Amino acid sequence: MKVLFIGDIVGELGVDTVKKWLPKLKEKYKPQVTVANGENAAGGRGITEKLYKELLQAGVDVVTMGNHTWDQREIQDFIDREKKLIRPANYPDNRVTPGTGMTIVNVNQLKLAVINLHGRVYMGDFEDPFRVAQELVDQAREVTPHILIDFHAEATSEKEALGWYLDGQVSAVVGTHTHVQTNDARVLPQGTAYQTDVGMTGFYDGVLGMKKEPILRKFTTQLPNRFEVPETGRTRLNACLLTISNTTGRADKIQAIRIDDDMPWFE
Ligand SMILES: [Fe+2]
Ligand SMILES: [Fe+2]
């Protein structure tokens, strides 16, 4: 099984970047399923139903979220009926949180479980992601050994630790949230693919996908500023490709992918 995972899609420009490159990526790498983090799709803050549908239309099969999950109020109205949109599983009272943290999709004759988790280091009061991960992985493994985790977290240490914690139990632990692709993709000894951060998809001459000027003003003056995604500009797509054994669910390979507008070799 080949799975393509696209990192944090930032703004409508990021959604356009996915529309532009995903068909070409599918042609070149032939993934059977594509998962993307959409927590920043709506101008950097959350996702709307319209943008979620556009991502599905563009060829994304599952959308994961993160600390920006609830930024667009309307998500509370549609997340429960959209089975391919998941949010972090470890909210403090999961019984009242809209949506779900795990979904299982059919991939030809196989199934892939996708789990979304939120880090705690520098990120707030969430349930223990290690304990919640273990509970969900136990549930998922009754159905399939093919399991992908999007761990939306700030601290590299927390991400690496979860990778080791789940090594041999899941196909992959990939990180999102920091928006910069890390150069550490590898398969851990027991067969779990790992990358600290897949990186973001969107405007690339800014700060984490946003226009740089308001952010520079914020850093230099501490005055309030509204951060924005520009409508046009050079873009980058960051992703990783996972090759997973059909029989065991162990990863054979993880390959980091980065495409910039000005990389002519890709076509
Ligand atoms: Fe993000
Ligand atoms: Fe985030």
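A residue counts as buried if 20 or more other C-beta atoms lie within 10 Å of its own, and as exposed if 12 or fewer do. The views below show a predicted model.

View 1. Buried residues make up 48% of the 267. Take the contacts between residues at least 6 apart in sequence: 66% of them join residues at least 24 apart.

**View 2. Helix α4, residues 129–141, from end to end.** The helix has 13 residues.

**View 3. The buried and exposed faces of α4.** Pro129, Val132, Ala133, Leu136 and Ala140 are buried. They cover an arc of only 100° around the axis, which means that they share the same side of α4. An α-helix has 3.6 residues a turn, so residues three or four places apart point the same way. Exposed residues Arg131 and Asp138 sit on the face turned away from the buried side. The cover over the buried residues includes strands β4 (102–107), β5 (110–118) and β6 (147–152). Helix α5 (156–166) is also among the covering elements.

**View 4. Where α4 packs against α5.** The axes are 11 Å apart and form an angle of about 35°. The crossing is right-handed. On the α4 side, Pro129, Phe130, Ala133 and Val137 take part in the contact. They meet Leu162, Tyr165 and Leu166 of α5. Pro129 and Ala133 also belong to the buried set of α4.

**View 5. Tyr122, in the loop between β5 and α4.** Tyr122 is not a glycine, yet its phi is positive, at about 60°. Is Tyr122 buried or exposed? Tyr122 counts as exposed, because 9 C-beta neighbours lie inside 10 Å.

**View 6. Gln222, in the loop between α6 (212–221) and β11 (235–244).** Here too the residue is other than glycine and phi is positive, with a value near 65°. Gln222 has 8 C-beta neighbours inside 10 Å and therefore counts as exposed.

**View 7. Ala42, in the loop between β2 (33–37) and α2 (49–57).** Ala42 counts as buried, because 24 C-beta neighbours lie inside 10 Å. Which residues does Ala42 touch, not counting residues up to four places away in sequence? They are Ile47, Thr48, Leu51 and Gln72. Ile9 is 33 residues from Ala42 along the chain. The C-alpha atoms of Ala42 and Ile9 are separated by 9.1 Å.

**View 8. Met263, in the segment after β12 (251–260).** Met263 has 10 other C-beta atoms within 10 Å, so this residue is exposed. Asp184 is 79 residues from Met263 in sequence. From C-alpha to C-alpha, Met263 and Asp184 are 22 Å apart in space.

Methods:
Residues are numbered from 1 along each chain as its sequence is written. Chains are lettered from A and ligands numbered from 1 in the order in which they are written. This is a predicted model: local features need pLDDT of at least 70, side-chain atom pairs count only at pLDDT 80 or more; totals for chains, interfaces and linings use all residues. Two residues are in contact if their C-beta atoms, placed from the backbone, lie within 7 Å. Helices (H or I, at least four residues) and strands (E, at least two) are DSSP runs, numbered from the N terminus. The expected span of a helix is 1.5 Å times one less than its number of residues. The arc is that of the directions from the helix axis to the C-beta atoms. Axes are lines fitted to C-alpha atoms, for helices over the stretch in contact, and angles run from 0 to 180 degrees between N-to-C directions. A crossing is left-handed if the near helix is turned anticlockwise from the far one by less than a right angle, and right-handed if clockwise.
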